[in-house]
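Please read the points below with the model open beside them. They are meant for someone who has not looked at this structure before.

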Amino acid sequence: MQTIKMDMTSGIDAGAMKMAGQILKDGGLVAFPTETVYGLGGNALDAAASAKIYAAKGRPSDNPLIVHIADFDALDSIVKEIPETARKLAEAFWPGPLTMIFRKSDLVPYETTGGLETVAVRMPNHPAALALIREGGGYVAAPSANTSGKPSPTKASHVADDLDGKINAIIDGGDVGIGLESTIVDLTEAAPVILRPGYVNQEMLRQVIGAVELDQALLRDDPNLHPKAPGMKYRHYAPKASLTIVEGTSEAVTEKIKALAAAEEAAGHRAGIIATDETAALYPDGIVKSAGTRADEITIAMHLYNVLREFDELEVSKIFSEAFETPQMGQAIMNRLIKAAGHQIIKV
Ligand code: TXA
Ligand code: MG
């Protein structure tokens, strides 16, 4: 299949957007930018389109998709009820990087929800995403637009690397603004639970709806605890080289990583280091990449997946990363990094 590239980096091209919407209505797939990561869109109400999404990504079909909407009123027909907490959260954070889980209506096929009675819904905060959803019929199922097992795409070129020739079109809207997937909160249980941490953190949610728990399976490395979001059980975002996180005070961390990288290089291999603007110059050995600055933690979220993809292209055998327990996005950043590391953490 020839994948059409639609350049909208300097604004929406109305004609091309209409065409992209028509592709969705006809059951095809279009990758598009959102404020979090690029999504791979198909008509959420079309079982066959959802099946195509799973096939293009190589994604296990028990891992449900998020339905993207462009207007709050669109929610009514795809869910059984809208809890008061959801209204408040939508008011506070939509359009934005928050996904909410509802009980689904009959309109949503099980192919979209991975067989579940619930449906995940999000209204993204990106003009191209909102325009595509409106042109495409109002309901766009979209997982991150990567091959299953790769880091989520934060640029259109990442999407092309993974899916060129497998999907109908890619809308290039430039680099995304947040770089990590949306926060997922489940509102179908008695108490709201965060199933995936993201930019909208626990404290921000608490301020709007009171107590919110975090899925315990995300915090503990316990094989008996199963995450409530099916996707969180997979070892996502796994780089080719083995990744180890080093945690501790800044000085102890840089000393430890220096020693680990030196040993790796002495053994004739190449070491990769994920540092920050504050520490990058402190490492004499290995290929050093800064994820961003601790003074502005969103820069770290924004560049993390790109750094992991860059290391995939270099012949490094091991990657050592500083830990990023930053105040606002630390939970989200570390959740992704720990999964990429397959839980290899050294505490110093
Ligand atoms: O930021 C985002 O959310 C991006 C952009 C494209 O919007 N999308 C995204 O989709 O990250 P995906 O498919 O990569 O991740 C969706 C996650 C998975 O972990 C999945 O298991 C979970 O949402 N999920 C979807 N529906 C669910 C449901 N009904 N109950 C529990 N978890 C659900
Ligand atoms: Mg994903």
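**Notes on the model**

1. The C-alpha centres of domain 1 and domain 2 are 29 Å apart. The model is a predicted one. Domain 1 covers 4-219 and domain 2 covers 242-347, as given by an automatic or database domain assignment.

2. How many residues of each domain are in contact with the other? Domain 1 contributes 26 residues and domain 2 contributes 15. The size of an interface is often given as the accessible area lost when the parts come together. Here the area buried between domain 1 and domain 2 is about 1,700 Å², with carbon and sulfur atoms giving 55% of that area. Pro151, Leu180 and Pro197 supply 35% of what domain 1 buries against domain 2, which is more than any other three residues.

3. Polar pairing also occurs across this interface. Eight residue pairs are in polar contact between domain 1 and domain 2, counting pairs with both residues at pLDDT 80 or more. On the side of domain 1 that touches domain 2, helix H6 (residues 156-163) gives the largest share, three residues. The residues on that side comprise 10 nonpolar, 10 polar and six charged.

4. Side chains of opposite charge can pair when their charged atoms come close. Two salt bridges are found across the interface of domain 1 and domain 2. In the salt bridge of Asp162 with Arg309, the N to O distance is 2.9 Å.

5. The whole structure holds 16 salt bridges. One of them joins Asp175 to Lys155, with the closest N and O atoms 3.2 Å apart. This pair links distant parts of the chain, 20 residues apart: Asp175 is in the loop between S8 and strand S9 (183-186), and Lys155 is in the loop between strand S7 (140-141) and H6.

6. In what order do the strands of the open sheet run? The 11 strands follow the order S1-S8-S2-S3-S7-S4-S6-S5-S9-S10-S11, and the pairing is mixed. Strand S1 (4-7) and strand S11 (213-214) are the edge strands, each pairing on one side only.

7. Strands of a sheet pair through backbone hydrogen bonds, either parallel or antiparallel. Strand S2 (residues 30-32) and strand S8 (residues 169-172) run parallel and are joined by two bridges. Within this pair of strands, Val30 has Ala169 of S8 as its bridge partner.

8. Two backbone details deserve a look. Most residues other than glycine have a negative phi, and most peptide bonds are trans. The bond between Trp94 and Pro95 is a cis peptide bond, with omega about -10 degrees. Pro95 sits in the loop between helix H3 (84-93) and strand S5 (98-103).

9. The other detail concerns His343, a residue other than glycine whose phi is positive, near 65 degrees. Where is His343 placed? His343 is in the loop between helix H11 (330-340) and strand S16 (345-347).

Technical notes:
Residues are numbered from 1 along each chain as its sequence is written. Chains are lettered from A and ligands numbered from 1 in the order in which they are written. This is a predicted model: local features need pLDDT of at least 70, side-chain atom pairs count only at pLDDT 80 or more; totals for chains, interfaces and linings use all residues. Side-chain values use heavy atoms; hydrogens and water are left out. Two strands pair if DSSP finds at least two bridges between them. Helices (H or I, at least four residues) and strands (E, at least two) are DSSP runs, numbered from the N terminus. Contact means heavy atoms within 4.5 Å. Buried area is the accessible area (1.4 Å probe) that two parts lose on being put together, summed over both. A salt bridge is a side-chain nitrogen of Lys or Arg within 4 Å of a carboxyl oxygen of Asp or Glu. A polar contact is a pair of N or O atoms within 3.5 Å; within protein, one must be able to donate a hydrogen and the other to accept it, and residues adjacent in sequence count only if both atoms are side-chain atoms. Ala, Val, Leu, Ile, Met, Phe, Trp, Tyr, Cys and Pro count as nonpolar, Asp, Glu, Lys and Arg as charged, and the others, Gly among them, as polar.
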